[in-house]
Amino acid sequence: MARITASVYSSHVPAIGAALDLGKTHEDYWQPLFKGYEFVKQWEQAQKPDVVFLVYNDHATAFSLDFIPTFAIGTAADFTPADEGWGPRPVPQVLGHPELAAHIAQSVIQQDFDLTIVNKMDVDHGLTVPLSLMFGQPQAWPCRVIPFAVNVVQYPVPSGRRCLNLGKAIRKAIETFDQDLNVQIWGTGGMSHQLQGPRAGLINKEFDNAFLDRLIADPEGLADMPHIHYVREAGSEGIELVMWLIARGAMGDLAGGAAPTLKHRFYHVPASNTAVGHLILEESK
Ligand code: DHB
Ligand code: FE
């Protein structure tokens, strides 16, 4: 059977992708940030996941504001890196896992979560920047990726509780897939940032670090945090953090198992306009 072996969390700042693509990672500004991702690149080479279930948000790239699914699962065989206005990033095509994605859609919809099924879409920095941070700059991505897009752009956006419970349903779906696959689930976006209005540039280290503490040790309590609290404390785009609860909900401790192992924790400010957080939680054996 397929099994979830770890959850990985990271911010997705587009300037990080540009720094990688333009060979700027050794510049003084970027060095401390990329140092925080050295561990995960080694760790991923040892883990060798078959599939990453990648929870991210589209930034009005694939869906525009004409059409906004709350939760959308990518069931295609492949996904093209999007042109976000300055050409597509020079990163490999993203290969999907249509069979597992279709199984997850079937199972999760039967568990009463309405998913939009997406058979064709381009993927923006929300998905490609985390891939670059975890896997570096390979000729081809080392595993299949199931994109799972969450609306955190246009209100109303899903609650933390719904995201945590959806993660639990995704775990059940993956565990009932009849192939021996090593699956990771990633939660991406955040941490505190606001890109617009009088509070543009907001960063809140205290909030972010408390969020990381609670994501690790008190996800059920964290799921009750209302949207307005994210927006007040973490800024308008800080609401991206709600997606991390989907990945956290898929860990075994919330299904009666032991607590996951914290393999890595990193926090850095700023990158572009954003606070960057990164965690690895390994499933207990
Ligand atoms: C920035 C951060 C984001 O999450 C995003 O989607 C776009 C820009 C930034 O920090 O510049
Ligand atoms: Fe974003």
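**Close-up 1. The largest cavity has a volume of about 100 Å³.** This is a predicted model, in which local features need pLDDT of at least 70 and side-chain atom pairs count only at pLDDT 80 or more, while totals for chains, interfaces and linings use all residues. Residues are numbered from 1 along each chain as its sequence is written, and side-chain values use heavy atoms, with hydrogens and water left out. A cavity is a set of points on a 1 Å grid over the protein atoms alone where a 1.4 Å probe fits but cannot get out. Grid points are joined across faces, edges and corners, and a volume is the space filled by probe spheres set on the points. Searching the whole structure gives one cavity of 30 Å³ or more. The lining of the largest cavity consists of D58, A60, F63, S64, L65, I68, P69, A149, V150, N151, V152 and V153; lining residues have an atom within 4 Å of a point. By class, nine of these residues are nonpolar, two polar and one charged. Ala, Val, Leu, Ile, Met, Phe, Trp, Tyr, Cys and Pro count as nonpolar, Asp, Glu, Lys and Arg as charged, and the others, Gly among them, as polar.

**Close-up 2. The largest pocket holds about 320 Å³ of space.** Of its 20 lining residues, H59, H193, L195, E237 and E240 are the closest to its centre. The lining divides into seven nonpolar, 11 polar and two charged residues. A pocket is an open set of points with protein on both sides within 12 Å along at least five of seven lines.

**Close-up 3. Helix 5 (residues 125-135) packs against helix 1 (residues 14-21) at an angle of about 50°, with the axes 9 Å apart.** Helix 1 is therefore oblique to helix 5. Helices (H or I, at least four residues) and strands (E, at least two) are DSSP runs, numbered from the N terminus. Axes are lines fitted to C-alpha atoms, for helices over the stretch in contact, and angles run from 0 to 180 degrees between N-to-C directions. Angles under 35 degrees count as roughly parallel, over 145 as roughly antiparallel, 65 to 115 as roughly perpendicular and the rest as oblique. P14, I16, G17 and L20 of helix 1 meet H125, V129, S132 and L133 of helix 5, where contact means heavy atoms within 4.5 Å. Five residues of this contact are nonpolar, three polar and none charged.

**Close-up 4. Helix 3 and helix 5 pack at about 80°, with their axes 7 Å apart.** This angle makes helix 3 roughly perpendicular to helix 5. From helix 3, V40, K41 and E44 meet L133, M134 and F135 of helix 5. The contact has four nonpolar, no polar and two charged residues. K48, in the loop between helix 3 (38-47) and strand 2 (51-56), has a positive phi near 45°.

**Close-up 5. Helix 4 (residues 98-110) packs with helix 6 (residues 160-175) at about 125°, the axes being 9 Å apart.** The two helices are therefore oblique to each other. H103, I104, S107 and V108 of helix 4 make the contact with L166, A169, I170, A173 and I174 of helix 6. Seven of the contact residues are nonpolar, two polar and none charged.

**Close-up 6. The peptide bond from G190 to M191 is cis, with omega near -5°.** M191 is placed in the loop between strand 9 (182-188) and helix 7 (205-217). The bond from V269 to P270 is also cis, with omega near -20°, and P270 lies in strand 10 (residues 261-271).

Terms used:
Chains are lettered from A and ligands numbered from 1 in the order in which they are written.
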